[in-house]
Amino acid sequence: MLVEIMLSANKYFRSLSFRILISAMFMVLILVPTLAWLLNTVVKQQLEQAHDNELIANTYSILAVADVSDQQLQMPEVLLDPNFNTSDSGQYAFISQQQTLLWRSLSFADNSIDFRLNEPPVGNGQFTDVSYQQRPYRLYSFSVSFVANEQDFALTVHLLKDKTPVIQQLTAFQSKLWLWGSTILFVLLLLQFFYLLWVLKPLSALQQELSEVEEGKQGQLSGRYPYELQRLADQLNSLINSLHHQQQRFANALSDLAHSLKTPLAVLNNQRQLDDSGKQQLQAMSGIIEHQLKRAQSGGDIAWHVGINIAQTIEKLANTMSKIYFDKQLDITLRLDNNATFKGDERDLMEIIGNILDNACKAANKQVLITLTEHEAHSFVVIEDDGPGIDEAQQQAILQRGVRADTYQAGHGIGLAIVRDLVTSYGGSIDIARSSELGGAKFSIQLQ
């Protein structure tokens, strides 16, 4: 079971649908997260920029109410922005000179500052991220110089603002982005799946029709396909027609040849002046002609479009053999996979199985076992008997024309040679061994 699953998975991994699906999924899985990351980056930058712009604007509003008189800083008690007048509002203002604090807003209730106040050069501003009361803050420092009584009075305005609202907004946006991004990703993957089914539907239909043609359920491809596939379907139909006509011509020519040769051979065989040696040679010629005609008439590779149910053929042959060898009272046991098919000519199939089954019935004492299985488009027919078996030295030799391993009747020993040639013409194989279950001969046939 595990092997079948692995083989099926390997076949799918090498399929066109898998390649398209993987490429589409790769594009979606790369594109959507990339867009989400870019969108998150842009929103984050915009929120932080808006926060910084607000600090700069507040800095100018404080400078607008600041005054210097007699080298002393003059500030109003209350500022216009109420956040600077409310204690612990999260928005604070300071003015320093050479690290000396000159002024602070009413919102800052602490007596000391536990973070460094930077003093950039005059006319420049500087942003710094600091931590205050275990919360993230953004600090903006801007240095200016007042001129009073022709004397410069340099100072630095510091704006400190809580970043928590910005972080909360960003977190809320990221949560929605994750939710909607995941939803969009799932929908796109689902659409890709249905898109793949739609795109590959003509290929699936073509594959189904080819299977039906191969199994003999229909003679040609009749479906309508996209332009790129319709040309292929038309060419396959032309090939099928050509093979049918060619096979029919071969069959007719060989049939005419067979009738032409039978009459002269029959006349020669009835000549009284012929001795036994001459008649034996005529019989040998008849056997050879019959073998070569059957070999030439076999569909072989060109019969790929025919599908024959092997189980039904075996059942017919088993019933026939039971009648022929009625006196032996044989027990012919069948273990058949009813779904196994042979892609070839039914006469060839009967010739292959009939020859071996006939030999098994001749050799058997009481039992013959026929097993039919199918795996990965290959059919396996195993015929076993409880007879004396075949010596290992003869197992390969008897497949050669003219060599016999039995003494049931006089003959030319071409039966198994015909089987070998037929099986080979269909891309199969035949193996001979000793049956572990019945003790006699075991013929294993693999058919494409």
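Me: Starting with strand β12, how does it pair with β14, and over how many bridges?
Reply: In this predicted model, strand β12, residues 378-385, pairs with β14 in the antiparallel sense, and the pairing runs over six bridges.

Me: How many residues lie between β13 and β14 in the hairpin?
Reply: The hairpin formed by β13 and β14 has six residues between the strands, and in the turn Gly439 has a positive phi of about 95°.

Me: Which residues of β14 are on the covered face, and which on the uncovered one?
Reply: For β14, residues 441-447, the covered face consists of Ala441, Phe443, Ile445 and Leu447, while the uncovered face holds Lys442, Ser444 and Gln446. Side chains in a regular strand alternate between the two faces of the sheet.

Me: Zooming out, what is the strand order in the sheet?
Reply: The sheet is an open one of five strands, in the order β9-β11-β12-β14-β13, with mixed pairing. Its edge strands are β9, at 331-335, and β13, each of which pairs on one side only, and the twist averages 15° from one strand to the next.

Me: Which strands does α6 touch when it packs on the sheet?
Reply: Helix α6 packs on the sheet by touching β9, β11 (367-375) and β12, and the direction of α6 makes about 175° with that of β9. Helix α7 packs on the sheet as well, touching β9, β11, β12, β13 and β14, and the direction of α7 makes about 20° with that of β12.

Me: OK, and at what angle do α6 and α7 cross?
Reply: The axes of α6, residues 310-324, and α7, residues 346-363, come within 10 Å and cross at roughly 40°, which makes α6 oblique to α7. The crossing in which α6 passes α7 is right-handed.

Me: Which residues of α6 and α7 meet there?
Reply: On the α6 side, Ile310, Thr313, Ile314, Lys316, Leu317, Ala318 and Met321 meet Glu346, Leu349, Met350, Ile353, Gly354, Leu357, Asp358 and Cys361 of α7. Sorted by class, the contact of α6 with α7 has ten nonpolar, two polar and three charged residues.

Me: Switching topic, how do α2 and α3 cross, and within what distance do their axes come?
Reply: The axes of α2, residues 16-65, and α3, residues 164-214, come within 9 Å and cross at roughly 160°, so α2 and α3 are roughly antiparallel to each other. Their crossing is right-handed, and by class the contact of α2 with α3 has 22 nonpolar, seven polar and one charged residues.

Key: Residues numbered from 1 in each chain as written. Predicted model: local features only at pLDDT ≥ 70, side-chain atom pairs only at ≥ 80, totals over all residues. Heavy atoms only, no water. Axes fitted to C-alpha atoms, helices over the stretch in contact; angles between N-to-C directions. Helix = DSSP H or I, 4+ residues; strand = E, 2+ residues; numbered from the N terminus. Parallel < 35°, antiparallel > 145°, perpendicular 65-115°, else oblique. Left-handed = near helix turned anticlockwise from the far one by under 90°. Contact = heavy atoms within 4.5 Å. Nonpolar A, V, L, I, M, F, W, Y, C, P; charged D, E, K, R; others polar. Buried < 20%, exposed > 50% of the residue type's maximum accessible area, 1.4 Å probe, protein only. Pairing = 2+ DSSP bridges.
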